[in-house]
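Please examine the model shown below.

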Amino acid sequence: MKNITLDSLDMLSANILVNLYEKHSASSVASDMNIPAPKVSRCLQHARAIFNNPLFIRKKHGLEPNEFTRQLYPIVKELVQCAEHLYQLNQLNPLALESAMVIYVSDLLIPHLPQQLSAAINEAHLPISYELRSGSDDLLQDTANGLIDVAILCESDAVPLQADPRFEVIPLKTLEHLYLLCGLNHPILQQEISLTNIATYPYLSAFSLLNKSAPDPFQAFCRQQKLFCHQAPSDNIQTALGFHDLYRYLSDNQTLSLLPYNKVYEQSHLLPGLHVCCLSAIDTELLYQAQPYPKLYLISAKHHPSPHIEWLKELVTGLINQYVH
């Protein structure tokens, strides 16, 4: 038997090993840890090479740990917990970090945002911690009061926002594409995909506009064209819809949605059971013929006390410019 050494077992592989043991599904682990599915597979292969053992058996219901892994699990679990305790100890060190910066952003927008933020902060050697948030009862008031430090908004009409003297407002990307999302067996996939045909099915509005009572661009188009848009029921009104919430609402093969975020298309492999396709340029132009394209904006309170706020805003702006199109 090969001598076992933990010298080359990185914490990501250890964490994935623990999560695979507990969840039995590589796709669930990728979703929960917000990392690409191929990365999970590579880390599992790395762990198998270290221990010279297959570790899991693939069965109908998912990955089943073998007897060796059942004995290994509590040891690796303890390693992961020790690493988490070390991280928390560093977080509590008042000399190491200032108060956590709160960033309001939908996880529909940018893939792997936590990893990218952490890597940039570590590389810059800045004493910054952060918290990502996607829900707020009153986003503007929370930002003005300092409860949210940086907010990324998607708006079609930003004139009232830009006129508000409480905020610094930075225009970011215009969202010029629309992506259709529906179940794999949705009947629209057997028809011509057009705005008129889309309007005949229950529609989930997931644009997460600042004004929750305002129609999203497709609903506004239907009103302009006097098309009946049947809104699908949603129990997620106060909190913005998350990337992995989409399956819950669209898997019935009746409901569909239109979203302007390229992440839903590029990472559709993480949405098993859903079909995602880009709406044609003709239909997209038709939808926005009588209304402006939605645009992303970054807002923060004026006279923000943190010395690192400008650096953080520049970082988030750069990530959006790189990953959103």
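In which loop is His112 found? His112 is found in the loop between β3 (101–104) and α5. Helices are DSSP runs of H or I with at least four residues, strands are runs of E with at least two, and both are numbered from the N terminus. Although His112 is not a glycine, its phi is positive, at about 60°. The residue is also buried, with a relative accessible area of 18%; buried means under 20% relative accessible area, exposed means over 50%, and partly exposed lies in between, for a 1.4 Å probe and protein chains only.

The model is a predicted one, in which local features need pLDDT of at least 70 and side-chain atom pairs count only at pLDDT 80 or more, while totals for chains, interfaces and linings use all residues. Residues are numbered from 1 along each chain as its sequence is written, and side-chain values use heavy atoms, with hydrogens and water left out.

Confidence is expressed as pLDDT, the predictor's confidence in each residue on a scale from 0 to 100. The protein chain averages a pLDDT of 85, and 90% of the residues score at least 70. Contact here means heavy atoms within 4.5 Å.

The protein chain contains 13 helices and 11 strands. Its C-alpha atoms fill a box of roughly 70 × 55 × 30 Å, taken along the principal axes. Of the 325 residues in the chain, 46% are buried. Among contacts with a separation of 6 or more, 75% join residues 24 or more positions apart.

Two packed helices are described by the angle between their axes and the distance between the axes. Helix α1 (residues 11–23) and helix α3 (residues 37–51) pack at an angle of about 100°, with their axes 9 Å apart. The axes are lines fitted to C-alpha atoms, for helices over the stretch in contact, and the angles run from 0 to 180 degrees between N-to-C directions. The two helices α1 and α3 are therefore roughly perpendicular to each other, since angles of 65 to 115 degrees count as roughly perpendicular, those under 35 as roughly parallel, those over 145 as roughly antiparallel and the rest as oblique. On the α1 side, Leu12, Ser13, Ile16, Leu17 and Leu20 take part, and they meet Lys39, Val40, Cys43, Leu44, His46 and Phe51 of α3.

Helix α2 (residues 26–33) has the buried residues Val29, Ala30, Ser31 and Met33. These buried residues pack against α1, α3 and α5 (113–124). Just after α2, Asn34 takes a positive phi of about 55°.

Attention now turns to the core. In soluble globular proteins, nonpolar side chains tend to be buried together. A nonpolar core is a set of buried Ala, Val, Leu, Ile, Met, Phe, Trp, Tyr and Cys residues joined through side-chain atoms within 4.5 Å. The largest such core has 85 residues, and those with the most contacts inside it are Leu109, Ile152, Phe218, Leu246, Val264, Leu296 and Ile320. A second, separate core of 12 residues includes Ile148, Ala151, Leu153 and Leu161.

Leu181, in strand β7 (residues 179–183), counts as buried at 0% relative accessibility. Leaving aside neighbours within four places in sequence, Leu181 is in contact with Leu246, Leu250, Leu256, Ser257, Leu259, Val264, His275 and Val276.

Helix α9 (residues 217–224) contains Phe221, which is buried with a relative accessible area of 3%. Not counting residues up to four places away in sequence, Phe221 touches Leu195, Leu227, Leu286, Leu287 and Gln291. Ala220 is found in helix α9 and is buried with a relative accessible area of 14%. With the same exclusion of residues up to four places away, Ala220 touches Pro215 and Gln291.

Lys226 lies in the loop between α9 and α10 (246–250). Its phi is positive, at about 55°, although Lys226 is not a glycine. Lys226 is exposed, with a relative accessible area of 75%.
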